[in-house]
Amino acid sequence: MSKEKSKINVLLGIRQGKIGGGETHVFDLAKNLDKDRFKPVVLSFTEGPMVTNLRNIGIEVQVIKTNKSFDLFVIIKVIKLIKKYEIDIIHAHGTRAASNLLFASKILQKPILYTVHGWSFNDAQSRLVRIIRELGEAFISKKVNLVINVSQSNQKTGKRLYKNYKSVLIKCGINRDKFNYLTDDNEFRKKNGLLKEFIWYGLIARMTFQKDPLNLIRGFNLAQKENPKIRLVLIGEGELDKEKKELISYYHLHDKVIILPFHQNMPEVLAAIDVYCLVSLWEGLPIGLLEAMSMKKACIVSPADGILEVIQNRENGLIVDKSNPEQLKNAILELANNPELITSFGEKAYQKINEEFSIKLMVNKIENEYDKLI
C-alpha cells in the first residue's frame, strides 16, 4: 500500500479487544487524533467489542491472536504489519502489548511509546512474581523512547524503581458529551429490573481478583441486613464469575443482586445506578471511575494508586480500606441513609472531571509527543 506522505502513520497496540479502561482509552485516542496529520492503525491481540466499534467508525484495525506476554511468532507478524502500513510511530498500551511490540520496533528502528495503564506488579503478588514483573517493566521502560503515565502514583513508582526513567504524565480524557448525566435510563431499568424504589449500587468491570468483587458482595450483604431498600448490580464477566455466583447463593442474595454481562451503552448503565463502587486492590487511573464521575455519581472506592488522585474522602466520594467488608457496609449505609450526600458527592465528582479530564487535552498532549519523535 502507498503511504500518504503528509500523514504520520501510528500503530496503537493493546492486548485485547474487550471492554475495559485501556481499551476505551485506545478507542478515544484513535477516534480523536487529528486525521489531517495522523493515520491510526489499531492492533489488538484478541477480537472483541472494541475492535468492532473501531471498524464501525472507519478506523483500520488488525487482530493478531495470542494470549502470551511474549510470542516470537507474533513479533514476526507484527513486523510484517508495520511494513505493510508503513508505520512511523508505535504506541503500546499495557505491558503485554509493549512486550510484543518492543522487539519489532527495535528491529525496524521505529520509535515506540509505552502507556502504563497500571503497573503489572502489585502488592498482592508473591515476592518472586513481583520481582520478575518489576524487572520486565524495567526492561521495557528502559528500551522505549518514552513512557506515558496516566496517574501520578504510577509515575512516582516508576521514578522510584527505575534509574533514568523517561516519562510524562498525561491524564485520561472523558467524552463528556457521551457520558452525560442527563442520559435517559428508563429502557435499561425496565429491561433489567432496576426498580426506582431501591437505591442501586453498581460495579461495572471485569470480574477479576484485581477488582475484588467478592469483597463488595460481602460488604453489601452486611449492609442489606440493616437497610432493605438497597440493591446491587454487577456488570461484567471474568475469572471470578463462578465464585461471585456461589457467594451470592451462599448469602441468599438472589433477589437483591442482579448480574448482567457487559453492556455496549455504558452511559445508560451508569445513569441507572445511584452509587458507583470500585474497591480494587490496585489500579492505574481507572477510566470507569472517571466515566461515573462524569455522570454525577457518588462513588465508594478503595485507596488504590490513581484513585486517590480523583476522589477526596468525604468531599466527592467515600474511601474504604481494601478488602474490608465492615467499612464497605458502613459506607453503603451512610449513603443510603443520607441521600443528600449522594447528590453532593456526585456534583463535586462532576466538577472534578470538568476541570481536569478532557479528551481534547489528552489527545493534544499525546500528539505533541508524537511530533517530538518524527
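Which helix gives the most to the lining of the second largest pocket? In this predicted model, that part falls to helix α6 (residues 152-161), with four residues in the lining. Altogether, 18 residues line the second largest pocket, and the space inside amounts to about 300 Å³.

The largest nonpolar core has 70 residues. Within this core, the residues that touch the most other members are Tyr-201, Leu-234, Tyr-276, Leu-289, Leu-290, Met-293 and Ile-300. Its largest share is supplied by helix α12 (residues 325-337), which contributes six residues. Apart from this core lies another one, made up of 31 residues, including Leu-101, Ile-112, Val-147 and Tyr-162.

With neighbours within four places in sequence left aside, Leu-289 is in contact with Tyr-276 and Leu-278, with Cys-299 and Val-301, and with Ile-307, Val-310 and Ile-311. Of these partners, Tyr-276 has already been met among the residues that touch the most other members of the largest core.

Turning to the strands, β2 (residues 38-44) and β3 (residues 60-63) run parallel and are joined by four bridges. Here Val-41 is found opposite Glu-60 of β3. Together with helix α2 (residues 49-56), the strands β2 and β3 form a β-α-β unit, and this unit is right-handed.

Notes:
Residues are numbered from 1 along each chain as its sequence is written. This is a predicted model: local features need pLDDT of at least 70, side-chain atom pairs count only at pLDDT 80 or more; totals for chains, interfaces and linings use all residues. Side-chain values use heavy atoms; hydrogens and water are left out. A nonpolar core is a set of buried Ala, Val, Leu, Ile, Met, Phe, Trp, Tyr and Cys residues joined through side-chain atoms within 4.5 Å. Buried means under 20% relative accessible area, exposed over 50%, partly exposed in between (1.4 Å probe, protein chains only). Helices (H or I, at least four residues) and strands (E, at least two) are DSSP runs, numbered from the N terminus. Contact means heavy atoms within 4.5 Å. Two strands pair if DSSP finds at least two bridges between them. A crossover is right-handed if, with the strands pointing away from the viewer, the path from the first strand over the helix to the second runs clockwise. On a 1 Å grid over the protein atoms alone, a cavity is a set of points where a 1.4 Å probe fits but cannot get out, and a pocket is an open set with protein on both sides within 12 Å along at least five of seven lines; lining residues have an atom within 4 Å of a point. Grid points are joined across faces, edges and corners, and a volume is the space filled by probe spheres set on the points.
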